[in-house]
Amino acid sequence: MSDQQRPTRDHGITRRRFVTAATSASAILALEAGRARRAAAEDRFTIASTGGSWGDGIKSSFVTRTDFEKRYKTSWAHSPQLESIAMSKILANCGTPIYSVSTHGQAEATLLADAGCIVPYNVDLVPNFKDVQPALTLERPGTGPYYGAYVFLMWALTWNTKLARKPASYKDLWTAAYKGKVAVPAYGWYGIYWLHAVNKLFGGSEDNVTPGIQAVAELVQKNDAIIMENVDHGMKLFQREEIVMAPFWNGRTFSLQDGGTPAAIEYVDNSIALGAGFVIVKGTTMGEVAQRFVNDTLDEKYQLEMTRLFKYPPASRKAKLPPDLERVRVPDREMGRTVKLDWKKINDHRSAYLDRWNKEVLGKA
Amino acid sequence: MHGRLAFALLSPGLAVLVAFLIVPLAMIVVISVFTYSPTRIWVPLLTAENYGKFFHPYYLGVTWTTVKVGLLTTLACAVLGYPLAYVLARMRSRWLGLCLFLLVTPLMVSSVIRIFGWLVILGKKGIVNAALAAAGLGGFDLLHNVTAVVIGLTELLLPFMVLPLMASIENIPRAVEEAARNLGANPFQLFRRVLLPLSLPGLVSGSLLVYSVAISALVTPALMGGRKVRMLGNLVYDEVLTSLNWPFAASIAVVLLVFTVAVMVAYLRTLRALSRRGGMA
Amino acid sequence: MKILVALAVLIYLFLLAPLLIVVAVSFDPTDGFRFPPPGFSLRWYVAFFTSETFMRAFFRVSLLVALTVSVLATVIGGLAAVGLVRVLTRGRTLMETLFLTPIVVPEILLGAALFLYYSRLKISTSVAGLVAGHLLLAIPYVVRTVSAGLVGVDRSLEEAAMSLGASRAQAFWKVTLPLIRSSLLSAAIFAFIVSFSDINIALFVAGPESVTLPVHVFSQIVWQADPTIAAASTLQILLIAALLAIAQHMFRLRVAL
């Protein structure tokens, strides 16, 4: 094996690779600066939502049962992904979308609207909008409504009826007797919203989150609260009796009950009225179908299927629940106890407060 | 001629890397110096702010935890993996295929469901605590610490150590072991003087794989470690998906990459020097 | 030796204990994730088999992609390993490190970057893009595993074959390749598993036609939790075991000495 021949060749490879990397890096820089646009938009009516059985529920409630294909004479596709990823994809491809409609909570919908990547509802084509619970709608002065929820996701306080006492407020989580047996949602899950809700309970506002941060820090550090990463994690913690109280969903609490865990939900002060609703992505070539699809999702008779499947109450005020599902309804009185959150400010502070959460809530021993 | 042959053999792999890694990596590096924007994810204004943000005790602490967990997991995999690799390498039975398969089963299922199994075993109301309760103790929080994360990762990553090690040990002729035994070597001497040096390539490959995967772990530290064992993967995940601060996430990735590559290069160079001294190819 | 075997058995118990619990829970008739389960029911298996979403994700996406990635990665990575170990000596450390780089980059960011890259190039998200992303993850494992196996093979065996008249390629194909069979098999298995179980790249790169099973399982966790995923996991193990048994039979790959 000759040593003379090899060195040049290896250097050749190295040099070539370096040049490739440098050219691609400059190409990227140029592309990012110019924000190159895609030419083609979506080719079929594409619905973006979380996958798994939630996605199946959406398909069966709002596509199969509404006779979508027959009524709108168009084919459709379902693109399952995490809502936050769908949101980033819409932002990254603003104006030349890969989806026609996408489901989100209020905060994400507000972000998309502020970024100019969605179009408003046409109230003539979406007459059902007026029946949606006002707390679960979003409107822009000037351009009108752009978001209406189809399910009501109430984030309140879930507790184990055998191992804990009925809570009067979120503040019960701080009870020393529950040390190590409570949980809080991770910031990256619904902790971001719960932080703001608790913050207001302790006197803060969206621009001043210090009371909330300090309170949650104490809960996590002194009362050994576990950080819940997602629904599955929370449910398992309740089912295995690792926790006895935690901020959690209404629908999932009913699931816990059905599975045999003695859980109950308390709609305490500063509970959060969250929703899941469809936004219409800007640049979709199927705008009219999108509007009508959204109208179908706001129709209470189709919403009932979601309620039946997932135990979350429908978002339409006209919905009449069958007797066996009456328990999932949020009483009007409790609606008054929900907290009002400024979604735009929450979005603006996403990164800054994550930083504070990391350093002050999770960071200290 | 050899240079051209080398290039020919390496070029498909290099093509994949250049086409699908180099450019996205270049993008990540470029994004790491752009400015974060809440509604646009980033704007192309150059800034060193993201790297500056990283040099704070919290983030440096997370980096240290990540390295620590990586090293401990590699060590655990080496210690547990070597006996397993030896037994499997010397096994003549037809059950070998099944044994290998069982070894990789933890990799096949979603980490989330696998860790549920650990919750049942190590949770406060879990099997271990129940057994301890029978003896009058119990109620310990066995999760939410570094040990739990290392246990969870070792279970997952053991095959990455065992399989390369096994391949290395298979190449050591039994005659060599027998000769050593006949010359009076006890098991420890056999291991230290014969097996270990000859199986070094497998150990090196295994360590590199285990370490690289361990430091980018996400689900295991989140569910088994809790807030006290946060790793860089968790940070990046939150920044990408929740705060949409891709510039900061990119800077974390670049720091992680540079640091790990430096460690790997040092590791590989040292081991090559050691094996050359040991008389290996 | 007996002590080692006993130790090996204990280690296997450690590895498999959580999975045994998962399998047990998949038969729980309620969705309470009870261990030990209060009864026996196949309802979650039925739920899995009757869900078009899960079945499609498993068979038509995950399995196909993983098989493709496994074959491609083993070939590409195998060639690279030969180049690295046998032919290259200058710049070897650099190359080895380069081939390990994909697994050091946090996957979620790599997925996001790949997504941006594909959309800038106007490539629609499809199975091909997913295969490419998974190849990126799988090749390092293949290179490392095959390298480890190759380094231990005695070159004099090849040289002996060549002195008997074989060409270099023939000597490699007939002598060395059979000796690194188990490394190649391990590498193929790793590549398959890495692709099958990947979630972070698939989250960003998968489109409507290419949603993998892990994405659905993860979605399931985000909105609810029922033992369908326990059933899915058990089935994953069983089905892949069946595949490997078939493969082992077909290629008569005896890994014993």
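A: Helices here are DSSP runs of H or I with at least four residues, and strands are runs of E with at least two, both numbered from the N terminus. On that basis, chain B of this predicted model comprises 13 helices and 2 strands. Its C-alpha atoms occupy a box of roughly 70 × 70 × 35 Å along the principal axes. Of the 281 residues in chain B, 54% are buried. Where contacts in chain B link residues at least 6 apart in sequence, 71% of them join residues at least 24 apart.

Turning to the side that faces chain C, 77 residues of chain B are in contact with 82 residues of chain C. The elements of chain B that each supply two or more residues to this side are helices H1 (2-31), H3 (57-89), H4 (96-108), H5 (111-122), H7 (146-170), H10 (200-215), H12 (232-241) and H13 (246-277). The most comes from H1(B), which gives 16 residues. Sorted by class, the side of chain B that touches chain C contains 58 nonpolar, 14 polar and 5 charged residues.

H9(C) is mostly covered, with 16 of its 17 residues buried.

Key:
Residues numbered from 1 in each chain as written. Chains lettered and ligands numbered in written order. Predicted model: local features only at pLDDT ≥ 70, side-chain atom pairs only at ≥ 80, totals over all residues. Contact = placed C-beta atoms within 7 Å. Nonpolar A, V, L, I, M, F, W, Y, C, P; charged D, E, K, R; others polar. Buried ≥ 20, exposed ≤ 12 C-beta atoms within 10 Å, placed from the backbone.
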